[in-house]
Amino acid sequence: MRAMLLVNPKATTTNARTRDVLIRALGAAVELTVEETRYRGHAASLAATARAKGYDVVAVLGGDGTINETVNGLLNPVNGDDAPLLDDPSAGRPALIVIPGGSANVFARALGLPNDPVESTGAVLEALREGRRRTVGLGQALWEGQSRYFTFCSGMGYDAEVVRAVEGLRGTGRKATPTRYVNTALRHYLATDKRHPAMTLTGPGIPTAKGVFMAIVSNTSPWTYVGSRPVRPTPWASFETGLDLLGLRRMGLITLGSAIRHILTESEALPSGRHLVQLHDEPEFTLTADRPVAFQLDGDYLGERETVTFRSTPNALQVLV
């Protein structure tokens, strides 16, 4: 089995010694080529090359951003090949191996992998020996002629503003720890506009919902983690169903506080409240804003957008897990 391992040398929770151990372990099980990512978008380019060259597997040692790039490299057209995704997710597409190396590692943990890279490598090697694979669906966001897949979440509004702020802090050399996200979210809440909602939700067969401040779009659950605690605004979301959404039409302390308390529990019940907008297992919907709104995808800030369409892509990828 030919495998390409993509290594993010700046991954939050790994070091050179750990990487060497993992590379040796994987190299003993497969015919391994190792590539380091060097700039934003490099993982997507390397994954597309692996697909074009007929590799059986692409493995990723990195965080959710590197995994997202890799997935987009595996799924997006290569050399003019614009054939649609087929029912057989393995057709012309390498399988994916995920080894968590970031701060949150939401996708890996949602797959049931350990959050430690060494333990996760052990689980992956076991899956390789047993030929154990899982087929997962993905989300897709489309805007202004652009398209990008996401593995676990996207969002517009307040949560994307927090992602933007944390990315700014990371640009100054500070790590994206759970504590930093929480502190940034609290500080940013004081400055965010809580009186003029910008977004409207529409979609085939979906009642129009106006006056949305913030929208979380989920391809699975949890949405993220605060340390070891899962955050579950859409607890029914899964890789085997369509997309879910939780929208807030009020940003006051009572509405937001009630929602936060609920989504930090292990309950399978949906959050409740008349100021919430909820969707489950939907194939497609669109968020339109009357002014540019912050937009994030798998924890990666993608600028401000006025219209984004979200689609579910079933059976998109095979993961060795």
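**Surface of the predicted chain.** Accessible areas here come from the Shrake-Rupley method with a 1.4 Å probe, and for residues only the protein chains shown count as cover. On that basis the protein chain exposes about 14,300 Å², with carbon and sulfur atoms supplying 50% of it. This is a predicted model, in which local features need pLDDT of at least 70 and side-chain atom pairs count only at pLDDT 80 or more, while totals for chains, interfaces and linings use all residues. Residues are numbered from 1 along each chain as its sequence is written, and side-chain values use heavy atoms, leaving out hydrogens and water.

**Overall fold.** You will find eight helices and 16 strands in the protein chain, counted as DSSP runs (helices H or I, at least four residues; strands E, at least two) and numbered from the N terminus. The C-alpha trace spans about 55 × 40 × 35 Å along its principal axes.

Of the 321 residues in the protein chain, 52% are buried, meaning under 20% relative accessible area (1.4 Å probe, protein chains only). Contacts (heavy atoms within 4.5 Å) with a separation of 6 or more come 74% from residues 24 or more positions apart.

**Close-up of asparagine 105.** Look for asparagine 105 in the loop between β4 (95-100) and α4 (106-110). Its relative accessibility is 3%, so asparagine 105 counts as buried. Leaving aside residues up to four places away in sequence, asparagine 105 touches Gly62, Gly63, Asp64, Pro100 and Asn115.

Methods. Buried means under 20% relative accessible area, exposed over 50%, partly exposed in between (1.4 Å probe, protein chains only).
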